[in-house]
Amino acid sequence: MDEQTLDTYCRKQPGATHDYQMDWECDRYHVGGKIFAMIGGDSKGVRILTLKCDPMRAEELRESYEGIVPGYHMNKSHWNSVYLDADIPEGLWERMIEHAYETVLQKLPKRVQQEIKSEQE
């Protein structure tokens, strides 16, 4: 998957914001001030998409796809990193981004969730 497509999809999530973290050399995507996705490189500079994930689903994805590994420099239980050149079925990239977004959104205070929802109406 190419970075521009991933960037566009992350940014179009309701209430999503973006910044670039110079120290980490990665693009970060937030909802309600919390990160749900990052595009950067691993220790060898190979491009990866790192996503928040439910721990059970994270493990299932790692077992099913060689290109999905525990989150690089993140809590390995709650984050997965996906190599951009991984052989991932069409549509799974988008579903993983949506899951990451929803996982973070659901943990935000109800007031913040309502603000994000009302901005979209």
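Visitor: In which strand is Ile48 found?
Guide: This is a predicted model, in which local features need pLDDT of at least 70, side-chain atom pairs count only at pLDDT 80 or more, and totals for chains, interfaces and linings use all residues. Helices (H or I, at least four residues) and strands (E, at least two) are DSSP runs, numbered from the N terminus. Counted in that way, the element that holds Ile48 is strand 4.

Visitor: Is Ile48 buried or exposed?
Guide: A residue is called buried under 20% relative accessible area, exposed over 50%, and partly exposed in between, using a 1.4 Å probe and protein chains only. Ile48 has a relative accessibility of 2%, and therefore it counts as buried.

Visitor: Which residues does Ile48 touch, not counting those up to four places away in sequence?
Guide: Contact here means heavy atoms within 4.5 Å. With residues up to four places away in sequence not counted, Ile48 touches Met38, Ile39, Gly40, Gly41, Asp42, Tyr72, Ser81, Val82, Tyr83 and Leu84.

Visitor: In what order do the elements of the chain run from the N terminus?
Guide: The chain has 4 helices and 6 strands. Read from the N terminus on, these elements follow the order α-β-β-β-β-α-β-β-α-α.

Visitor: What is the radius of gyration of the chain?
Guide: The radius of gyration is taken over C-alpha atoms, and the globule rule used beside it is 2.2 Å times the number of residues to the power 0.38. For 121 residues that rule gives 14 Å, and the chain has a value close to this, so it is as compact as a globular protein of that length. Along its principal axes the C-alpha trace spans about 40 × 30 × 25 Å, and the radius of gyration is 14 Å.

Visitor: Which residues of helix 4 are buried, and what covers them?
Guide: Helix 4 covers residues 110-120, and its buried residues are Val112, Gln113 and Ile116. Seen down the helix axis, they fall within an arc of 105°, so they line one face of helix 4; the arc is that of the directions from the helix axis to the C-beta atoms. On the other side of helix 4, Lys110, Arg111 and Gln114 are exposed. Buried, then, are Val112, Gln113 and Ile116, and what covers them includes strand 2 (26-31) and helix 3.

Visitor: How far apart in space are Ile48 and Gln113?
Guide: Along the sequence, Ile48 and Gln113 are 65 residues apart. In space, taken from C-alpha to C-alpha, their separation is 28 Å.

Visitor: Which element gives the largest share of the lining of the largest pocket?
Guide: On a 1 Å grid over the protein atoms alone, a cavity is a set of points where a 1.4 Å probe fits but cannot get out, a pocket is an open set with protein on both sides within 12 Å along at least five of seven lines, and lining residues have an atom within 4 Å of a point. The largest pocket is lined by 16 residues, of which Trp24, Cys26, Gly41, Tyr72 and His73 lie nearest its centre. Two or more lining residues come from each of strand 3 (34-41) and strand 4 (47-52). The largest share, 4 residues, belongs to strand 3.

Visitor: What volume does the second largest pocket have?
Guide: Grid points are joined across faces, edges and corners, and a volume is the space filled by probe spheres set on the points. By that method the largest pocket holds about 320 Å³. For the second largest pocket, whose lining includes Lys34, Trp79 and Leu108, the volume is about 170 Å³.

Visitor: How many residues in the lining of the largest cavity are nonpolar?
Guide: Ala, Val, Leu, Ile, Met, Phe, Trp, Tyr, Cys and Pro count as nonpolar, Asp, Glu, Lys and Arg as charged, and the others, Gly among them, as polar. The largest cavity, of about 40 Å³, is lined by Leu51, Lys52, Cys53, Leu61, Asn80, Met96, His99 and Ala100. Strand 4 and helix 3 each give two or more of these residues. Beside 2 polar and 1 charged residues, the number of nonpolar ones is 5.

Definitions and conventions:
Residues numbered from 1 in each chain as written. Heavy atoms only, no water.
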